[in-house]
Each structure stands twice: as C-alpha cells, then as structure tokens.
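Work through these exercises with the model open in your viewer. Each task is followed by a solution in steps.

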Amino acid sequence: MTARLSLYRKAEQELYKLDRSVKAQFYDFSHIFRDNPKRLRLKKLKGDSRIWSARVNDSYRALLTPTGVDPDGTESWLVIAVRHRRDVYEELQVAVNRVTGEIEFVDLAVVGDSALRRAGITLTPAEPDAAETPTPPPAPTAAEPVPAPTVPPLLASYSAQQLRELGVADQLIELALTVTDSAELDQLVEGAPLLSKDVLYGLAAGMSIDEVRQEITQPVELGHEPDLGDFAAALSRTKVTAVDDAVQAAIDEGDFRAWKVFLHPTQERVVRRHYNGPARVSGGPGTGKTIVALHRVKHLAEQLPPGHDKPILLTTFTKNLTTDLRLRLSSLIEPELLARVEIAHIDQLAARVLGENTAPGRGKQRVYDSVALGEMRQLLAELDDRRWEPEFLLEEWEQVILGQSVPTRSDYFQARRAGRGRSLTRPERNHIWKLIEQFTARLDKLGVETWGQASERAARYEIERAAKIRARREYKDEVGGKDLIHRDNSSGMRYLGYRYRHIVVDEAQDLSPAHWKMLRAMADPELPNDMFIAGDTHQRIYDHQVALGALGINIRGRSSRLTLSYRTTKEILAEALRVVEPRKAGQDVGYDDLDDGTDNLAGYRSVLHGPAPAFTPYTSWEEELAGLATTLAAWRKELSTDEHGSPRDPSGHIAVCVADRDMVSQTMYHLITKAGITCAELTKDGPKGDGEVHVGTMHRFKGLEYQRLAIVGASDGIIPRTHVIDRYRTEDPPRYEREQRKARSLLFVATTRARDALTISWHGKPSPFLPA
C-alpha cells in the first residue's frame, strides 16, 4: 500500500528549527511512510481520533491526519506537526475552518498557564514515560474552583459568536475571551491557525469588527458553507508542501524553509484576484507588499498565452531596488516565464522611450536635481531675485508644471497645486513662470535636462502613442480592418499596440505624476489586470504628491491593505509607529492614500518578538561613534556563530544608518581606522565593497532589511535639518508640515529596516521625532 504525504505549513516551520540530523531522519521516515504506512507504528491520540502519532526517532514524533483515499487505494496523509514526544498532548485538535474551508491545526500546549486555568483546561501528555514523565502546565482539577481574573479580559467587548463569524477556531474562542493582556494573547496564538491569529491580533490592536471582517476575513472567505467533515475537500483548499525527493535536497542544503515560500492566505487572495482595472495594495513595512507584487507577476506570467514577447512590466523607483526585484523574481519563477517579464526602474524606462523618439546625436545629458538646483541658485543670484527660494521654484516646476504638463502661462494660472503649501496670486504665478522660462532656457543652452524633464517628455510621447492606438481602433470600428495594413505600412509601422499587457509597480509612493502618466499610457486601459500598484505613503521619502484618479488611474473599490508585519518585531514596531503617528502627543500626522483620501496604519501589527530598541544619548559626536564601535563589535561577536556553535560570517547582517553623506564618510572613517571594522558604503547600485558592516544614508535603506541596525546621529537639528526647514515655519506653514512629514517618513523607513535588534543614538538633544 502506498501513501501520499503532505506537509502543513506549521509542520514545515517546526522542521526548519530542528537539528539537521532530525530533518534527515524525518526524510527517511517520509520515504518509508510513502512506500507503505503499515511499516510504521501509528498510534491514535485519545483527544482527537483524527490525529495519529508516528515515531520519527526515539525522541521526535510526527503528528498526522488522514485526508482521503484515491480510487487506486492510495492514502493521503497530512503531517500537521513534528515535535519532541514531551510536547505531544491529547488536547491537539484538527478541524476544517468554517470560513476558509481549510484544514486547521490547533495546539493548546503552548497556551499560557493562567489562561488555561481560567478556562478549566488540563493538558494530558499523550506519551507518558516511566523514565521521563512529561510535566504538563499545572491546572485545576474538576473539583477546584477556577479563579476569576483580577483584570478584565483583553477582548471583553466581543462575543463568542462574533469571533466565530470572523473565523476564529472554535477550540480557541473560549480561551481568547479569557486572556487579560497582550503577553497571554501572544501565547494563545503561538499555536493558532493563521486566520485566528490575524483576527485576534487585529481586534487587540484596535481594529473594529467591520475592519477585521473587510481586511482579514473577507479576502479569505470560501464563499459558501464548507462541509466540516470533508477533509479531502479541505485539503484541496489548504496550502501544503508535497513531500518528495525535492525535500531531501533542501534538507541536505540545510535550509528547509527556503525550498518553499508560502504566501499568507490574505496575500494570496490579493495575488490571484481578477481586477477589472488598476488595483492597489498598501501596508506598513514588512507586511509583504513586495512579495505580493512579485507573486502577482508570477501569477500573471502563468496566464500568458505562448509567445516570446515581454507583455509584463515590473518597475520601481530606483536602480538598486530593481536589481533586488530581479534577483528575487528569478528565484520565484521559471526562466522561460522570467524571459516574458520586463524589469526596469522608472527612469530607465523613460530613457528608453526618449531614445526611441530622439534622433541620434540630438539627445541631452540628464542631470540630477542637485545640479539643477545649483543652476537655479546661480540664476536667482544673477537676477538679484530674493523673492523665492530656489528649492521652492524647482519643486514648483517639477511637481506642478512638469507634473501636469502645463504648456503655457495661461494654463499655469489655472493649474491645480494641491499639497504645495501656500497659495499663489496671479501676479506671483506670472513672475514664477518668467523665472522658469529663463531657467529652462539656461538648461537648454547647457545641453542638459533633469530626470523630471525627461520623464515629462517620455510621458508626452507615450500619451501621443496611446492616442494613435485609440484612433486606429476607432477607424477599424468604423471601416473594418481591410486597409489597416496599407495604412500601417505607409506610415512605417507594421503594428501599433500598447507596450505592455500588465504593469506591476513596487514602492509606488515615490513615483512622480509624470511617471504615472507615462505608465498609464503604456498599458491598455480596456483590458483587465492592467496595473497592480504596491506602496505605502508612510514611507514616502521623495516629495512627489499624486492623486492617481486625476491621472487616469482609478483604484476606487480595488484597494487592499496588509496589516501583519513579518519582518519587524513588536518591540521595534511599537517605537516606529510612534514616529509617524504620534497622536498620543496631541499631534496628528496626515498621510494620503495615493488618491484624494487619507491613509493610516490602524491594525498594523507584528507576531514577532525581540529585545526592545535601545535609545542611547551621548555628549558629543566622537563619543557617539565610539559607542557605536562598541555596539558593532558585540553584535559581530554574537553573529559570528550559529545556534549550534558553528562559525558563521556576519557580513551583510549588520548596518549603520545616518542622515547624510558627510556622516557616512565620518562614520566609516572612525570604524575602519579606530575600531578595525570593515565597512561597505550603500550606494544607488547597492553595497560598494565587501565590508562586513553596511553604512548608508536613510534614503539608501529603502527596500532593505538587516538583522541588526544602528541609527546614529539622530539629534535635534539633524533629523530633521532644522536650519533647512525652519524658514518655512512662519512664511509657509503647509510646506513646513510637509517637510516635517517627509523627515518623519525617512526615520520610519530607517527604524523598520531592523529585523531583530535596533539601537538609536544621538549627541546633544535628541530628535523631536524620537518617542519621548
């Protein structure tokens, strides 16, 4: 008799944590089981007769449940846990969730003692042994009174029926209503199914019943009442890993988890959903927006008809993020599908469009904004015009005039300036227009253009191309396609069509209006699934304010929000949230939703734990750098060996984040010359060199993550640069608030790059954005 064996996601996580020898023995066990389950001794648990225990070795047991029998007699089994025999209790239960229709495994053995006592639950060891009797958590006998909690339950305002309707596993509902603090809740959900965990954490984080239903439960609902006794049907809906020879290769490599990446059920629904127009997914750092975007590309690529073209575009804001996306996508999809995807950062895309539409030798050199700002300063100095700051004029030009493709002065008089701060009178706009004309003439004489100009020109070319496509379609609808071949050949084009069928955008909050107009014109708006947008405006570190609806990208009704962080610990997250949403201090920092609404991080939470972030003051910059060197040396020593004592290279796992380039140079010089710590500078192309500690500005940490992170120089006057923005405090309060918000976002991005440990230091007075 043969059997088919699958792994429940929780079992895979448990296997990953075990010693390599146990993993190898599990593979041997799996091989024997698949060949003939009767060769192994299976024992039913007394608590749930659908769970069987099987011996992996003297100490470890595999817990399995049968899920059906094929017509040819092949049995299907699901491994739901792999654990030490001392941790196997009769109270383990397996069931079908009434909301998702998936198989769920509930383990009460990890629930805290106090919660079990209040619920009157006694854990019974499944394998008592005379030599080593497991000692379950103490619990009252039936005759003992159950002590009442001295504090009200954490979820006292919710009923058992409400939890049941939201999808919490029946076995956990009574316990969930008895926990009194977040620590007990953490213990409860340690062994909980994913949906139960998300719902309970969401409610505890302050989300309303309606918000939990809309953002957590509805995306994973089956759509009809499942048969709670049909395990075969439930297995078909459950994300599992088939145990075959590919597993042994992964075990031999020592990285079991890397073999298969599971999407969270909420994420998977977003990835696979059919959208009749542009769609957006938002969420805080570490919630998996980029993972969702990559899996979305994979899903779309798998639906493509055969061909050799590249109908899918994956784009983001910077070159180094594009490199990271390419590497991650290549590990996710087959080479033949990867070849169907165009991966390019947004400026690279604009440059390609301009290259196609510019005669050889007629192109301009493209310069960064810092160069353009220098030319603007020089122009104002030559004119002795002190009415406007050069930074304001450059932003007005890029965000309003270029962003809206404003062609004439009269159009500028009518242009929308949402989010630009102080309003402008007609005479002021007239004066600004004249200055901009002189500025652009100056750039033109130098033979240069900014990337903002390049993006605006590329957008115009693409809009013209899209207009030709629409005109061609309208002509075809009127007269048919009989003379289209003749018309196309006479114009030098064999076929005119949209560049892409699907566009997927990551880090969408940093794109400019011109970028969005170019992208909108590159995909057919009449086809479904045309644009998929991932971003978080709390992480906007460039001053690009957009309203997608005004740019022809309508995401209303097709927006999803991710709220569970898989990277940042609760302790780090709590401090990071106080940076961007300091409402307890009487402040309210507003963030948009890439449209005309507002966004927030309500319900944003983590299931990970770690040490609390360290906040350290110093009296001077030199003293702070010396303290940094001490911290890095300790981290390097801790990370130089793994949990088994084997040597490990800590390079690339530790980073230092600072406010500007000067501080990067000073920090690296001190670490290299005075502490003997090798460093690699983070650049737009990634780490420069092979130093063990990465050092970079906050802008360079976008999209990255490190095991341990130190933020230094977080002093008042540096974060934010008060000498830069204080001049706006009275003369342009909206601009002042916008600059403050941008600086907050930078610090928020930096703090959430840390996975396990974070330290923040300053010299003198701390940044006002740091939690008090």
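**Exercise 1. Find how α17 and α19 cross, and which residues make the contact.**

Step 1. Take the axes. Helices α17 and α19 pack at an angle of about 90°, with their axes 11 Å apart. This is a predicted model, so every value here is computed from predicted coordinates.

Step 2. Classify the angle. Angles of 65 to 115 degrees count as roughly perpendicular. The two helices, α17 and α19, are therefore roughly perpendicular to each other.

Step 3. List the contact. From α17 come Phe-392, Leu-393, Leu-394, Glu-396, Trp-397 and Ile-401. Helix α19 supplies Ile-432, Trp-433, Leu-435, Ile-436, Phe-439, Thr-440 and Leu-443.

**Exercise 2. Classify the aromatic pairs Phe-29 with Phe-33 and Trp-397 with Phe-439.**

Step 1. The whole structure holds nine aromatic pairs.

Step 2. Take Phe-29 and Phe-33. Their ring centres are 5.9 Å apart, with 40° between the planes, and the pair is tilted.

Step 3. Phe-29 is buried at 3% relative accessible area. Phe-33 is buried too, at 0%.

Step 4. Turn to Trp-397 and Phe-439. Here the centres are 5.1 Å apart and the planes make 85°, an edge-to-face pair. Trp-397 lies in α17 (residues 390-402) and Phe-439 in α19 (residues 426-446), so the pair ties together parts 42 residues apart in sequence. Both Trp-397 and Phe-439 are buried.

Step 5. Look for a wider group. Phe-29 and Phe-33 belong to one aromatic cluster with Phe-26, Trp-52 and Trp-77.

**Exercise 3. Which rings have the charged end of Arg-366 or Arg-429 over them?**

Step 1. Start at Arg-366. Its charged end sits over the ring of Trp-451, 5.6 Å from the centre.

Step 2. Go to Arg-429. This residue lies over the face of Tyr-412, at 5.5 Å from the ring centre.

**Exercise 4. Is Glu-692 buried or exposed, and what does it touch?**

Step 1. Locate the residue. Glu-692 is in the loop between β24 and β25 (693-697).

Step 2. Apply the cut-off. Buried means under 20% relative accessible area. Glu-692 has 13%, so it is buried.

Step 3. Leave aside neighbours within four places in sequence. Glu-692 then contacts Arg-636, Pro-650, Ser-651, Gly-652, Ile-654, Ile-677, Thr-678 and Cys-679.

**Exercise 5. How many residues of α11 are buried?**

Step 1. Count. Six of the eight residues in α11 (residues 265-272) are buried.

Step 2. Name them. They are Pro-265, Thr-266, Gln-267, Glu-268, Val-270 and Val-271.

Notes
Residues are numbered from 1 along each chain as its sequence is written. This is a predicted model: local features need pLDDT of at least 70, side-chain atom pairs count only at pLDDT 80 or more; totals for chains, interfaces and linings use all residues. Side-chain values use heavy atoms; hydrogens and water are left out. Helices (H or I, at least four residues) and strands (E, at least two) are DSSP runs, numbered from the N terminus. Buried means under 20% relative accessible area, exposed over 50%, partly exposed in between (1.4 Å probe, protein chains only). Contact means heavy atoms within 4.5 Å. Rings of Phe, Tyr and Trp (its six-membered ring) pair if their centres lie within 6.5 Å; planes under 30 degrees apart count as stacked, over 60 as edge-to-face and the rest as tilted. A charge sits over a ring if NZ of Lys or CZ of Arg is within 6 Å of the ring centre and within 35 degrees of the ring normal. Axes are lines fitted to C-alpha atoms, for helices over the stretch in contact, and angles run from 0 to 180 degrees between N-to-C directions. Angles under 35 degrees count as roughly parallel, over 145 as roughly antiparallel, 65 to 115 as roughly perpendicular and the rest as oblique.
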